[in-house]
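I opened the file to look up a few packing details. These are my entries.

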Amino acid sequence: MNVGDRVRLMSGREEGIITRILENNIVEVAIDNDFTIPVARREVVVIAPEEAKFLKQDDTSIQPSKRQEPVAPVLAAQGIYLALAHQSEELLAVTMVNNTDFDVLFTSGEDRDNKYRGLQNDKLAPKTTRVITHYHLKDFEKWPSLLIQFIQHRNGSATLFEPVTKRVQFRANSFYKSKKMAPVLNKEAYLFQLDQKPVAVNTDKIAEQLINATTQHESFKLQAPEHEIDLHIEKLIEDHTGMSNSAILKLQLEKFQDALDRAMAANMHEIVFIHGAGNGILRKEIQKALSRTPGIKYFEDAKKEKFGYGATLVKLK
């Protein structure tokens, strides 16, 4: 019995996915409608792959209109990946993917509020995967950072690989753009490559270029934001299908903070944030952030005849 196994509760007809192995012979099971419960190991039975395959074939024969076309194989770049694949509408399986010709020795853990918790460690053979944990989309803003350490190896190889430590921190503005076909899994997932070498940045050269730019172009200025910033989600991202409310809020607050920082750096006198009326959560979070930000003269509801109660005017020092 392992994390990622599909199981049936012996006391009922519910099925789910094992998301964690707990102490005292307890397992955590995410039921298909996405709530999670602790269950004694003796109270669940693993569903054999043959049974799951049979049931799937049976379902498609009853409802041919819902049959899914097989996913075509994808030519993906070689590498080591972290793939977050849907196991239900809300539940994502966080999976290590070894799409190389080498063995991969890895360990994984979570960093939440500077407290580390180990998850899984294993040796992945070439072209194999391992589920390390599960996350719910509805809890996106509470996800921890993932810390992955790994080294590639093959007996008799003439190549020596350096150990790699990778921190993966999920941000709404990039997470929902990362969906693509995952190698080895051959299914859509939110995909992050772990073995990409960082591009070396020559800070001295950048500073020199910045000085040259300001010297040669007297009109050079930091790009200030627009006077009015519309934070409605459809204005920030083309396709927000599947985003949870918490993920939407996180993206809106990131856009707000970026615009506010640039407005202050550009010495603007004021800026308006259009957040809409709605349930007032975004407005409350914005005004909470403004109240603890130095450099703010005051903030108030923007012109009601233009925005109603759906915008906040910020006066800057």
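The model is predicted.

**Helix α6.** I looked up which residues of α6 (residues 281-291) are buried, and found Leu282, Ile286, Gln287, Ala289 and Leu290. I then checked their directions: they span an arc of only 155° around the axis, so they lie on the same side of α6. On the other side of the helix I noted Lys284 and Ser291 as exposed. For the packing partners of the buried residues of α6, I listed α5 (245-265), β17 (296-301) and β18 (311-316).

**Cores.** The largest nonpolar core has 32 residues. I noted those with the most contacts inside this core: Leu82, Leu84, Met96, Trp143, Phe170 and Phe175. I followed up Phe175, leaving aside neighbours within four places in sequence, and found contacts with Leu84, Leu92, Leu137, Phe140, Trp143, Phe170, Tyr190 and Phe192. There is a second, separate core of 17 residues, and Phe256, Ile271, Leu282 and Ile296 are among them. Leu282 is also one of the buried residues of α6.

**Asn98.** I located Asn98 in strand β7 (residues 91-99). Not counting residues up to four places away in sequence, the residues touched by Asn98 include Gly79, Ile80, Asp103, Val104, Leu124 and Val184.

Terms used: Residues numbered from 1 in each chain as written. Predicted model: local features only at pLDDT ≥ 70, side-chain atom pairs only at ≥ 80, totals over all residues. Heavy atoms only, no water. Buried < 20%, exposed > 50% of the residue type's maximum accessible area, 1.4 Å probe, protein only. Helix = DSSP H or I, 4+ residues; strand = E, 2+ residues; numbered from the N terminus. Arc of directions from axis to C-beta. Contact = heavy atoms within 4.5 Å. Core = buried A, V, L, I, M, F, W, Y, C linked by side-chain atoms within 4.5 Å.
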